[in-house]
Amino acid sequence: GFLAEVLKKTNILKDNSVNGEMVSFLYGPPMIEAAIAGEINSLFVGAVPTINLMSNSDDWIIVARLLYFKQGLLAREGSGIKNIDDLRGKKIGVPYGTGPHPPVILALKEAGLNPKTDLQLINLKPSDHATALQVKDVDAVAWAEPSITLFEMNKIAYPIKEFEDIGFVSIRKLYLEKYPGEVKKFIKAIRSANYYVATNKDQVFKWFSEDSNFDLNLVKNLKVIEPNFEVKTVEEVDLGITQFWIEEVQKKIDFMFEEGLINRRFNLTDRIDLRY
C-alpha cells in the first residue's frame, strides 16, 4: 500500500518513463482472478496469492521482492482464548487463498487440532472481520496488517500467534519478453518508491490514511518490518529474494498441494527471474 501510494502520488513512474496505472484490490483472491483474466500486467501481492496464481498459470514470473510483512491469528476480545489449544470447538474466520490460510492450518495441526473436525474454519473476507468479531459470529480471525494493529488499538481482538510473510512483484511473461526494457524501468521505479517511503514517511502515511480511511494514528503505529523502509540511500534498497525465503515459500507450495489448496505443485525457482 505504501509503495502504491508513492507510485500514484509522485512523478516516479513518469521520471522513469513508465506508463502505468495502479489498480486497487481489497485483497489477494480478486487480484488473482483479474490476473488470470488478463486484466492486469503486474502484481504487488503476498506469497500465497502468488502461489495460487502460479499453480493455475505458467504465464507469470516473479521479478522482485515486494516486502516483508506481518500476519496474525487474532482472538476476539473477551473470548478468553490464550493460545491455539483454546481454539477447539471455536469458529475462525480465514480469508481463503490469502497469506494466513496455510500457516493457520499448519499451526492448528502442530497443536494437535484437526482443522476439519475440531473447529470451524470459515471463509471470511477481511472487510467482514471486525463486524463478525463484534457480533460474536466468530471467535478468532486470521489476517495481516493493518488489521492486527487496528483490532488491538480498538480492543476488538488480540494476536495469539503472528507470522512473518513475504510479498512479490510478478509480471506477465508475455510482457517480460516483449518489453524487457520497460520492466527494468519499472523495477527502478519500485526501488525509488521504497527510498521515498523511507525518507518521507509522514507524507506517505498521510496518503495511505486518506485512501484507506484508516486513522492516521493507526497508520503511524502499524507493525512495519520491511527494512527497505528504513534505508538512508536508494542504493541500500534490496529487492532480492534470499535462499531462506525461496525455501520457505517452496515449503508453502508443497504444503498447499498436500492439503488440496492448490491443484498443481511447481518449483518456485523456475518462476523467479531477477535479471531485471
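I looked up how α3 and α4 cross, and the crossing is right-handed (near helix turned clockwise from the far one; left-handed would be anticlockwise by less than a right angle). This is a predicted model, where local features need pLDDT of at least 70 and side-chain atom pairs count only at pLDDT 80 or more, while totals for chains, interfaces and linings use all residues. Residues are numbered from 1 along each chain as its sequence is written, and side-chain values use heavy atoms, with hydrogens and water left out.

**Helices α3 and α4**

I noted that helix α3 (residues 28-36) and α4 pack at about 30°, with axes 9 Å apart. Helices here are DSSP runs (H or I, at least four residues) and strands are E runs of at least two, numbered from the N terminus. Axes are lines fitted to C-alpha atoms, for helices over the stretch in contact, and angles between N-to-C directions run from 0 to 180 degrees. So α3 and α4 are roughly parallel (under 35 degrees; over 145 is roughly antiparallel, 65 to 115 roughly perpendicular, the rest oblique). I found Gly 28, Ile 32, Ala 35 and Ile 36 of α3 touching Pro 49, Leu 53 and Asn 56 of α4 (contact means heavy atoms within 4.5 Å). That contact splits into 5 nonpolar, 2 polar and no charged residues.

Next I checked helix α4 (residues 47-56) against helix α12 (residues 243-258): the angle is about 55° and the axes are 10 Å apart. α4 and α12 are therefore oblique to each other, and their crossing is right-handed. From α4, I listed Ala 47, Val 48, Ile 51 and Asn 52; from α12, Val 249, Lys 252, Ile 253 and Met 256. By class I get 6 nonpolar, 1 polar and 1 charged in this contact.

**The second largest pocket**

I then followed α12 to the second largest pocket, where α12 gives the most to the lining, with 6 residues. A pocket is an open set of points on a 1 Å grid over the protein atoms alone, where a 1.4 Å probe fits, with protein on both sides within 12 Å along at least five of seven lines; lining residues have an atom within 4 Å of a point. The space in this pocket is about 340 Å³. Pro 103, Leu 106, Phe 163, Glu 248 and Lys 252 are the closest to its centre among the 15 lining residues. α5 (101-110), β6 (157-172) and α12 each give two or more residues to the lining. I get 8 nonpolar, 1 polar and 6 charged residues in that lining.

**α1 and α10**

I also looked at helix α1 (residues 2-9) and helix α10 (residues 201-212), whose axes come within 9 Å and cross at roughly 95°. That makes α1 roughly perpendicular to α10. Phe 2, Glu 5, Val 6, Lys 8 and Lys 9 in α1 meet Val 204, Phe 205, Trp 207, Phe 208 and Asp 211 in α10.

I spotted a cis peptide bond from Glu 145 to Pro 146, with omega near 10°. Pro 146 sits in the loop between β5 (140-144) and α7 (147-153). Lys 136, a residue other than glycine, has a positive phi near 65°.

Notes. Ala, Val, Leu, Ile, Met, Phe, Trp, Tyr, Cys and Pro count as nonpolar, Asp, Glu, Lys and Arg as charged, and the others, Gly among them, as polar. Grid points are joined across faces, edges and corners, and a volume is the space filled by probe spheres set on the points.
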